[in-house]
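Keep the structure open beside the text as you read.

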Amino acid sequence: MNLYIRYFDEECVVSSVEEAFDFLSSLPGITLDEAFMKDLRQYMDSPMPYPKRYKVRPRVYFIVIRTTASTLAEFKVNGGKNQALGENPEKEPSTRFSINDRPGWYEGEILFKRVVPIPGTNKFQYKDTLFKARCKAHNMQECYDRVVEHLRSRQDVDARSQFPSIKGKNFTCSYLGMDLAEG
């Protein structure tokens, strides 16, 4: 794993904490110590896919991003898209949220915020509610639309309930095939 480091217009890709320390030490106004090196080493070894920023002085930071790119040019060409290790390749938007027609049966599972009354009061609360359904559709978008439409039309689901985006982690959909096997 390599690190992309940027401080204003100065940037580089390094393969070790020592190289990062050398690069940052050469920049004016940045002072580093052993605690920083330890923290940077932990970040480099961790599975955390998010960028990390370090404070130089009030309102001035430099940013560090984990990446598999070995050169600055490679990092810029890919736009840093390959830096996150923990991502599941099955959840890439191009494959997971395909709107291509593939008629058949789909199973959609949605976790939505359902409005439920609090007994003994005139107040309400949001409660996470899981709903799973199988439906016939042409694609994942139509499956999502049918599941949400069904829930909104039910009398036991309040109109103030909140439904997640199709691209969020609270909706999953899988293609079951043209025919449903009885079982």
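Accessible areas come from the Shrake-Rupley method with a 1.4 Å probe, and for residues only the protein chains shown count as cover. By that method the chain exposes about 12,200 Å². Carbon and sulfur atoms supply 51% of that area.

A word on the source. This is a predicted model, in which local features need pLDDT of at least 70 and side-chain atom pairs count only at pLDDT 80 or more, while totals for chains, interfaces and linings use all residues. Residues are numbered from 1 along each chain as its sequence is written, and side-chain values use heavy atoms, with hydrogens and water left out.

Now the overall layout. The chain has 5 helices and 7 strands. Helices (H or I, at least four residues) and strands (E, at least two) are DSSP runs, numbered from the N terminus. Read from that end, the order is β-β-α-α-β-β-α-α-β-β-α-β. Of the 183 residues, 36% count as buried. Buried means under 20% relative accessible area, exposed means over 50%, and partly exposed lies in between (1.4 Å probe, protein chains only). Contacts, meaning heavy atoms within 4.5 Å, also tell of the fold. Among those between residues at least 6 apart in sequence, 55% join residues at least 24 apart.

Start with the sheet built from β1 to β4. Strands of a sheet pair through backbone hydrogen bonds, either parallel or antiparallel. Here, two strands pair if DSSP finds at least two bridges between them. This sheet is open, has 4 strands and runs in the order β2-β1-β4-β3, with antiparallel pairing. Its edge strands are β2 and β3 (52-57), each pairing on one side only. Neighbouring strands are turned by 20 degrees against each other on average, direction ignored. Axes for such angles are lines fitted to C-alpha atoms, for helices over the stretch in contact, and angles run from 0 to 180 degrees between N-to-C directions.

Look at β1 and β2 in detail. They run antiparallel and are joined by 5 bridges. R6 has E11 of β2 as its bridge partner. F8 sits in the loop between these two strands. Its phi is near 55 degrees, a positive value in a residue other than glycine. F8 counts as exposed because its relative accessibility is 54%. R59 is not a glycine either, yet its phi is positive, at about 65 degrees. With 79% relative accessibility, R59 counts as exposed.

Next, the helices. α1 lies across β1, β2 and β4, and runs at about 165 degrees to β2. L32 is found in the loop between α1 and α2. It touches F21, L24 and S25, not counting residues up to four places away in sequence. L32 is partly exposed, since its relative accessible area is 21%.

A nonpolar core is a set of buried Ala, Val, Leu, Ile, Met, Phe, Trp, Tyr and Cys residues joined through side-chain atoms within 4.5 Å. The largest such core has 20 residues, and I5, L24, L40, F62 and V64 have the most contacts inside it. At least two residues each come from β1 (2-7), β2 (10-14), α1 (17-25), α2 (34-45) and β4 (60-67). α2 gives the most, with 5 residues. L40 touches L3, V17, A20, Y54 and V64, not counting residues up to four places away in sequence. A second, separate core has 18 residues, including C143, Y144, V147 and C173.

β5 (residues 104-117) and β6 (residues 124-137) pair in the antiparallel sense over 14 bridges. V116 stands opposite Q125 in β6. The two strands form a hairpin with 6 residues between them, and G120 in the turn has a positive phi of about 85 degrees. β5 also runs antiparallel to β7 (residues 171-177), joined by 6 bridges. There E109 has T172 of β7 as its bridge partner.

Last, the cysteines. How many disulfides does a search of the whole structure find? The count is 0, where a disulfide is a pair of cysteine sulfur atoms within 2.5 Å. For C135, the nearest cysteine sulfur is that of C143, 3.8 Å away. C135 counts as buried because its relative accessibility is 12%. C12 is buried too, at 14% relative accessibility.
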